[in-house]
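Please look over the sequence and the structure before reading on.

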Amino acid sequence: MGYMRGGTVLRINLAKGEVTKEPTDRYARLFIGGRGINTKIIYDEVGPKVGALDPENVIAFGTGPFTGTLVPGSSRLEVTAKSPVTGTLGMSSMGGEWAAELKYAGYDHVVITGKASRPVYVAIHNDSVEIRDASHIWGEDTYKTPDVIRKELGEPDAKTICIGLAGENLVNYACISSSKGTAGRTGMGCVMGSKNLKAIAVRGTKGVSFADPDRFLEACLKAHDALRKHPYWDEFTTVGATAEAHHMADSGYCALGNFEANVWNEAPNFTPFWQQHSGKRTGCFGCPMTCKEYFKDVAGMGPLVASCAAYVDPTWGLKQNNPMLWYEFLTRCERYGLDHTQAVGMINWATKLYEEGIITEDDTDGIPMILGSGEAANAMIPKIAKREGFGAILADDTKSAISRIGRGSEKYLLHTRGLTLRHLNYQNWRALGLGHSVSPRGDYTRGGFFEPNGPVGEFDTMPEPEGKLTRAIFKAALSKVGLDMSAYSPQRYEGIGAYVAFTQKVIAVTDMLLHCKWHTGWVWGTLGLEQERKLYSIGTGEDWTIDDLLDVAWRLRSLEMAYDAREGKTRDQDTLPQQLFEVPMRGLWPEDVQDRDKFERAKDEYYEALGWEVTTGVPTRETLERLGLAYAADDLEKLGRLPPTALKGEPKAPSSADETYKREAAGSKRRRQGH
Amino acid sequence: MQHVVVIDGDKCTGCRVCELVCSLSHAKECNPERSRISVMSDQEEGELLSFPITCMQCEKAICEIICPTKAIHRDLATGARLVDPKKCIGCSACAYVCPFGAPFVDPIRGVAIICDLCEGDPLCVKYCPTGAIEYVMREEVNIRLKRGRMGRFFHYSKVLTALSQVV
């Protein structure tokens with residue numbers, strides 16, 4: 001066990017009922033943790049021949065070195081596997097308490113493969129790992145499941161992640177739930193369901209140690225102090241993440257219904273509803289922000305923990321502002337274990353088809369699918385989870401759903417690579433639109449920072465060096481066209497390619513060390529690159545520079561893109577629906593649409609900034625080799641997907657240790673399968 | 001002037017920053033199991049109750065009285081009960097007799113651990129985000145608790161008044 005880590009990657013083969021352990025050290029130097037090590041494992045072990053719902057798919061649950069420590073917001077879990085939604089690399093994360101507990105049990109990652117012959121759950125208690133029968137909880141909702149498991153194990157403090165009926169029924173976008181967080185997108189719950197894996201319960205009583213605990217304490221307390229001094233502290237600790245939703249709504253950052261407008265006079269404010277029905281706050285383990293609203297019960301619908309994502313899609317997306325219907329929608333999605341964002345997207349599509357007359361009430365079990373009808377949306381949720389009636393079509397991946405309806409329905413489904421769009425304004429906010437299109441999984445999260453001068457991002461409040469580097473990017477790009485910084489606007493295209501490339505790397509650092517992105521330059525700016533670097537160096541006793549961290553991030557981004565390229569993803573899939581290039585949204589920027597030429601040029605700039613070949617968007621051999629990923633170049637070459645053109649210019653060489661890479665490359669060759 | 005820690009469970013959100021800051025500063029690792037303040041929680045059926053438990057700085061501390069090796073004594077400055085690790089045999093008698101379950105024998109060090117009030121500047125008090133843990137002069141504890149209950153009394157009396165008007 002090293003500093004900051006549990007030290008062990010726990011591997012479980014559900015088909016064979018086998019549990020093995022390997023040291024995290026094998027991966028740590030090159031991939032740090034969290035999304036990094038998860039992705040490396042999936043790259044090595046899940047190739048193009050393995051389907052997302054095949055037993056051979058691997059699902060990795062990862063913590064990072066920060067998890068379980070005093071770093072604020074560090075109890076986060078990354079889940080990575082091949083996704084049934086996109087058919088390529090899927091990833092999802094959650095806050096809450098589970099990740100910290102896993103670290104305290106001594107594990108940095110849990111990696112699961114194979115399909116159990118009957119429903120099972122995994123129970124981890126420090127060194128003991130059991131695969132237990134789950135047939136008595138198969139069918140149980142995600143609220144009841146942890147209660148049953150706690151009682152059965154005699155462990156009142158065990159933490160549980162689980163799937164609901166949606167995951168068991170292999171609903172394409174089923175999610176993974178816990179008491180205070182959900183890993184929503186890319187169908188990770190569906191993957192668990194395909195393995196007959198109902199839940200993972202963990203109890204851990206070990207600690208996380210540091211090379212210099214006193215200095216680590218001091219650095220953490222500085223981060224806590226910075227949060228209390230932040231101008232958003234009062235707002236977020238009293239009103240929570242709804243504050244963020246209001247900022248976004250007021251700035252024209254949200255998209256209404258089927259992306260018809262970026263303003264909504266009837267946009268809801270649910271704070272009074274929360275104050276009336278609850279007034280109680282909660283948040284993730286180890287985070288003082290307590291940005292979540294807790295409801296014990298509303299009108300007999302049971303409890304809800306409302307996190308940051310809860311406020312935009314179920315309201316703006318469904319174009320409905322009734323808080324009771326909002327509560328019903330979310331609690332249903334939570335209990336069944338369904339990604340509410342994708343549910344909104346699929347339901348929206350149905351309302352558009354209904355409006356166009358492509359489907360009628362005969363198709364939709366007698367329910368008029370009218371946009372704005374919270375009742376219709378809510379009625380669909382159980383149908384989707386149970387795959388009943390019209391719900392069986394909406395429960396599918398986008399390709400299958402489209403082919404089952406046919407009749408030209410394809411043009412109305414707003415998605416990128418199979419993920420329906422979250423209801424943000426990708427049309428008028430250029431960096432958001434680009435970042436979403438070239439993001440690691442196909443939706444805006446991890447796709448880059450919000451725009452500076454956006455709803456929460458300002459040049460002045462960015463931490464350093466992110467602020468300086470961002471200003472330099474936009475200054476250089478604007479001066480190329482004879483303008484200075486006073487001309488900067490989030491509606492311009494100059495510089496966004498480089499900005500998205502840079503901020504994607506910054507986000508990747510956070511996803512590997514693993515703590516909540518809200519603390520970074522993405523939102524609050526209290527825990528930026530310099531603080532991350534310091535905490536990681538002090539904690540491990542290793543000497544990390546910001547460039548070191550950004551190089552690991554660059555390696556991760558390139559491996560992710562190489563994975564997708566190996567699966568056959570092409571540059572034209574890194575895009576937004578055509579509607580956003582043709583039909584202007586009503587609101588703050590009348591007549592404004594995305595400009596296809598400028599958008600594609602910005603993509604060129606993005607690929608170049610990362611050392612990837614521009615016409616294909618695929619990393620070149622030079623870049624992959626520089627990053628210690630020669631095996632990825634070999635894989636792509638074998639499939640004829642390695643771009644032949646040489647790189648223009650000299651990207652900065654990373655500083656990774658060659659010896660570690662060679663050892664690790666030899667090990668990974670043995671483990672790879674399914675190519 | 002001696003202070004004691006006063007806890008308002010209604011304000012606790014279960015974030016456990018107190019456990020992390022305590023264990024890191026004292027045990028030199030982040031481990032809620034080795035913290036001198038413990039957040040007990042109930043999450044059955046969607047419940048979200050949490051309440052921090054720590055030493056109540058008793059005037060007549062049973063832990064001090066019962067200790068077979070007289071390892072526990074009261075710090076003159078802060079009033080906190082301190083454990084002399086040289087005398088402590090890790091028998092757990094203090095853990096058994098405390099009405100609040102505050103002391104415990106640390107699994108790594110094998111000696112009893114009791115809140116030492118961080119030598120007069122408690123970190124948990126400083127870093128609790130909601131003020132659920134306060135550091136209050138002993139003389140003021142009484143009035144503080146009464147005011148806290150008075151707030152609840154006013155709230156309930158309003159509820160009762162409203163109900164009586166409906167009926």
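The model is predicted. Chain A and chain B bury about 2900 Å² between them, and five salt bridges are counted between the two chains. Chain A also holds an open sheet of three strands.

**Extent of the contact**
- The contact draws 38 residues from chain A and 28 residues from chain B.
- The size of an interface is often stated as the accessible area that is lost when the parts come together.
- Of the area of about 2900 Å² buried between chain A and chain B, 55% lies on carbon and sulfur atoms.

**Polar links between the chains**
- Between chain A and chain B, 16 residue pairs are in polar contact, with both residues at pLDDT 80 or more.
- The count of salt bridges between chain A and chain B is five.
- Asp214(A) and Lys28(B) form a salt bridge through their side chains, with an N to O distance of 2.7 Å.

**The side of chain A that touches chain B**
- Four elements of chain A each supply at least two residues to this side: helix H4 (144-153), strand S13 (208-209), helix H7 (213-229) and strand S14 (280-282).
- The most comes from H7(A), which gives eight residues.
- Sorted by class, this side of chain A has 15 nonpolar, 10 polar and 13 charged residues.

**Strand pairing across the chains**
- Strands of a sheet pair through backbone hydrogen bonds, and the pairing is either parallel or antiparallel.
- S13(A) pairs with strand S2 (residues 29-30) of chain B in the antiparallel sense, over two bridges.
- Val208(A) stands opposite Cys30(B), a residue of S2(B).

**The sheet in chain A**
- The three strands of the open sheet follow the order S14-S15-S16 in chain A, with antiparallel pairing.
- S14 and strand S16 (304-306) of chain A are the edge strands, and each pairs on one side only.
- From one strand to the next, the twist averages 35 degrees.
- S14(A) and strand S15 (residues 292-295) of chain A are joined in the antiparallel sense over three bridges.
- Which residue in S15(A) is the bridge partner of Arg281(A)? The partner is Glu293(A).
- Helix H12 (residues 323-336) of chain A packs on the sheet and touches S15 and S16 of chain A. The direction of H12 makes about 105 degrees with that of S16(A).

Key. Residues are numbered from 1 along each chain as its sequence is written. Chains are lettered from A and ligands numbered from 1 in the order in which they are written. This is a predicted model: local features need pLDDT of at least 70, side-chain atom pairs count only at pLDDT 80 or more; totals for chains, interfaces and linings use all residues. Side-chain values use heavy atoms; hydrogens and water are left out. Contact means heavy atoms within 4.5 Å. Buried area is the accessible area (1.4 Å probe) that two parts lose on being put together, summed over both. A salt bridge is a side-chain nitrogen of Lys or Arg within 4 Å of a carboxyl oxygen of Asp or Glu. A polar contact is a pair of N or O atoms within 3.5 Å; within protein, one must be able to donate a hydrogen and the other to accept it, and residues adjacent in sequence count only if both atoms are side-chain atoms. Ala, Val, Leu, Ile, Met, Phe, Trp, Tyr, Cys and Pro count as nonpolar, Asp, Glu, Lys and Arg as charged, and the others, Gly among them, as polar. Two strands pair if DSSP finds at least two bridges between them. Axes are lines fitted to C-alpha atoms, for helices over the stretch in contact, and angles run from 0 to 180 degrees between N-to-C directions.
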